[in-house]
Amino acid sequence: MKVKLHHCYILSTSIAMLMYFGLNRTSMPWWYSSLHCFVWIIVGLFCLNRRRLKSLSIGPEKSIFFLFGTPYILFWFFTILAWITNTYIEPGTISRSISITFQYMLILFYVIVVGKLFKGNLLKYTFQAAILNNIIVILFAIARWGIKDFITVGFFPMSEYASSWTLDNLNVSAFLEVHDITFAFGFFLIYYFLFYEGVDRKKNIIICILFIYLGLKRIQLAALFLVISLSILIKGKSKRGIKYWSVFVTVGSLIVLLSYIWLIDSNLIEQIA
């Protein structure tokens, strides 16, 4: 089989998504994901130039810059304001802020370049990379702890045996709880449930639910159910009604979330309990 460019993208992206590798959960090098983005920016620009595309100019990407960049503009504004109002600033704080901003700007250009390179197939290839990533994680877990412990802890987390395992740092649950990629499957689930209409829609929805469940983020499924239900409710309204319902849901959600944070931060919830 001839290896194509998107095969390389799927493989390298699945590796870049790994938090750990090997049977002892060795941490991935901190620089690998940044190197992955940089290499694909170079490869993408080279391939787009060979195609002699005029699409290298910024068009709809302006909205991506606005959505992605605005939080960082505000972040830097409030950060500098905090620096001005404080008499002492640790040097590490400045260098860390610059490093984080550089990494996220790199990700921004990476998304734009690979988006132009793979066009409508980008989501499909990224989804396949996420699946491959989780398969690698599961294989590491099975190789380290065995199929019996994987099934018990992964599929029956409320069992007494599985609960006893969670007291140990290095166990099946530690392998499966991969955080970032599990949350990413939530966005894929929203996309496939609400927007995608391909023949493999149901299969992809089941895959998303399965990996969220195995990733030990079961409460995420409840949150996704609420989001999808509200979206279906809003979409069922008239165009005029959507505007008001969207505002109502957004403001209502913010009030609930901020109230919850306030309850936790003020220790009031402990007093009530």
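Select lysine 119 to begin, which lies in the loop between helix 4 (91-118) and helix 5, where helices (H or I, at least four residues) and strands (E, at least two) are DSSP runs numbered from the N terminus. This is a predicted model, in which local features need pLDDT of at least 70 and side-chain atom pairs count only at pLDDT 80 or more, while totals for chains, interfaces and linings use all residues. Residues are numbered from 1 along each chain as its sequence is written, and side-chain values use heavy atoms, with hydrogens and water left out.

Most residues other than glycine have a negative phi. Lysine 119, although not a glycine, has a positive phi of about 50°. With a relative accessible area of 57%, lysine 119 is exposed; buried means under 20% relative accessible area, exposed over 50%, and partly exposed in between (1.4 Å probe, protein chains only).

Next, select leucine 216, in the loop between helix 10 (201-214) and helix 11 (218-235). Leucine 216 also has a positive phi, of about 60°, although it is not a glycine.

Return to helix 5 and select valine 137, whose place is in that helix. Valine 137 counts as buried, at 8% relative accessibility. Leaving aside residues up to four places away in sequence, valine 137 touches Leu18, Phe175, Leu176 and Val178, contact meaning heavy atoms within 4.5 Å.

Now show helix 5 (residues 122-145) together with helix 9 (residues 180-194), which pack at an angle of about 140° with their axes 11 Å apart. Helix 5 is therefore oblique to helix 9, given that angles under 35 degrees count as roughly parallel, over 145 as roughly antiparallel, 65 to 115 as roughly perpendicular and the rest as oblique. The axes are lines fitted to C-alpha atoms, for helices over the stretch in contact, and the angles run from 0 to 180 degrees between N-to-C directions. The crossing of these two helices is left-handed, that is, the near helix is turned anticlockwise from the far one by less than a right angle (clockwise would be right-handed). To see the contact, select Leu123, Thr126, Phe127, Ala130, Ile131, Asn133 and Asn134 in helix 5, which meet Ile181, Phe185, Phe188, Tyr191 and Tyr192 in helix 9. The residues of this contact divide into 9 nonpolar, 3 polar and no charged, where Ala, Val, Leu, Ile, Met, Phe, Trp, Tyr, Cys and Pro count as nonpolar, Asp, Glu, Lys and Arg as charged, and the others, Gly among them, as polar.

Move on to helix 1 (residues 5-16) and helix 2 (residues 32-50), which pack at an angle of about 165° with their axes 10 Å apart. Helix 1 is therefore roughly antiparallel to helix 2. Helix 1 passes helix 2 in a left-handed crossing. Leu5, Cys8, Tyr9, Ser12, Thr13, Ile15 and Ala16 in helix 1 meet Tyr32, Ser33, His36, Trp40, Val43 and Cys47 in helix 2. By class, the contact of helix 1 with helix 2 has 9 nonpolar, 4 polar and no charged residues.

Within helix 2, select serine 34. Serine 34 is buried, with a relative accessible area of 18%, and it touches Gln103 and Leu106, not counting residues up to four places away in sequence.

Finally, show the whole protein chain, which has 13 helices and 2 strands. Of its 273 residues, 32% count as buried.
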